[in-house]
Structures are given as structure tokens and as C-alpha cells.
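Subject: Structure for you to look at

Hello,

Here is the structure I promised to pass on. Please open it first, then read my notes below.

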Amino acid sequence: MISADFDVKIKLIILTTIALVALLGILGYLLHRDHHFSKYLGGVVAVMVILIAILTSLIMIHS
């Protein structure tokens with residue numbers, strides 16, 4: 001049971017990290033394309049903040 005729980009947490013950490021990298025790519029694309037504040041920028045940043053909070057809690061629980 002402990003091993004299965006550990007595997008799930010590791011998979012969640014990996015998926016959250018991949019999602020953050022993808023959102024960083026989208027953020028870079030939006031900034032490069034518009035060169036100013038876009039209406040989509042706030043939503044991308046909000047999702048990134050939420051994912052960072054989730055990733056932090058997963059890492060804290062894991063250790």
C-alpha cells in the first residue's frame with residue numbers, strides 16, 4: 001500500500017511539473033507574440049500559481 005501511494009505521488013509530481021513547463025511555453029509565446037499584456041495572460045498566470053501551490057503541497061507531503 002505504501003509503495004502504491006508513493007508511486008501515485010511521484011506521478012502527480014511529474015505531471016504537475018510537465019504542466020508547468022507547458023504553461024511556461026504558452027506564457028513565452030503570448031509575451032513574444034503580443035509584446036504587451038494580453039487578455040489571456042492573467043488566466044495562464046493564475047493556473048501557474050495554482051499548479052505551483054499543488055506541486056509545493058505534493059512535495060511537502062512526499063518528504
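Is S57 buried, exposed or partly exposed? S57 counts as partly exposed, because its relative accessibility is 35% and that class runs between the limits of 20% and 50%. You will find S57 in helix α2. Now look across to I14. S57 and I14 are 43 residues apart along the chain, and their C-alpha atoms are separated by 13 Å.

One caution before the rest. This is a predicted model.

**The whole chain**

Start with the fold. The chain has two helices and zero strands. Helix α1 covers residues 2-34. Helix α2 covers residues 41-62.

Next, the overall form. The C-alpha trace spans about 50 × 15 × 15 Å along its principal axes. The radius of gyration is 15 Å. For a compact globule of 63 residues, the value would be near 11 Å.

Then the contacts. Take those with a separation of 6 or more: 65% of them join residues 24 or more positions apart.

Last, the surface. Of the 63 residues, 24% are buried. The accessible surface comes to about 4700 Å². Carbon and sulfur atoms account for 78% of that surface.

**The core**

Which residues make up the largest nonpolar core? There are 11 of them: I13, L20, L23, L27, L30, L41, V44, M48, L51, L55 and L58. Two elements, α1 and α2, each give two or more residues to this core. The largest share comes from α2, with six residues. Here is the background to keep in mind. In soluble globular proteins, nonpolar side chains tend to be buried together.

Pick out L27, one of the core residues. What does L27 touch, if we leave aside its neighbours within four places in sequence? L27 is in contact with L41, V44, V45 and M48.

Now try T16, in helix α1. Why is T16 called buried? Its relative accessible area is 8%, and buried means under 20%, so T16 qualifies. Skip the residues up to four places away in sequence, and T16 touches L51, I54, L55 and L58.

**The exposed side**

L15, in helix α1, counts as exposed because its relative accessibility is 56%. L15 also belongs to a nonpolar surface patch, together with I14 and I18. The area of this patch is about 310 Å².

V21 is another case. V21 sits in helix α1. V21 is exposed, with a relative accessible area of 54%. How far is V21 from M48 in space? The two are 9.5 Å apart, C-alpha to C-alpha, and 27 residues apart in sequence.

Finish with V49, in helix α2. At 51% relative accessibility, V49 counts as exposed too, because the limit is over 50%. V49 and L20 are 29 residues apart in sequence. In space they are 9.4 Å apart, C-alpha to C-alpha.

**To try on screen**

- Show the 11 residues of the largest nonpolar core.
- Then show the patch of I14, L15 and I18.
- Compare T16, which is buried, with V21, which is exposed.

Best wishes

Key. Residues numbered from 1 in each chain as written. Predicted model: local features only at pLDDT ≥ 70, side-chain atom pairs only at ≥ 80, totals over all residues. Heavy atoms only, no water. Helix = DSSP H or I, 4+ residues; strand = E, 2+ residues; numbered from the N terminus. Rg over C-alpha atoms; globule rule 2.2 N^0.38 Å. Buried < 20%, exposed > 50% of the residue type's maximum accessible area, 1.4 Å probe, protein only. Contact = heavy atoms within 4.5 Å. Areas by Shrake-Rupley, 256 points an atom, 1.4 Å probe, with all protein chains shown as cover. Patch = residues over 30% accessible without salt bridge, like charges linked within 9 Å, V, L, I, M, F, W, Y side chains within 5 Å. Salt bridge = Lys/Arg side-chain N within 4 Å of Asp/Glu carboxyl O. Core = buried A, V, L, I, M, F, W, Y, C linked by side-chain atoms within 4.5 Å.
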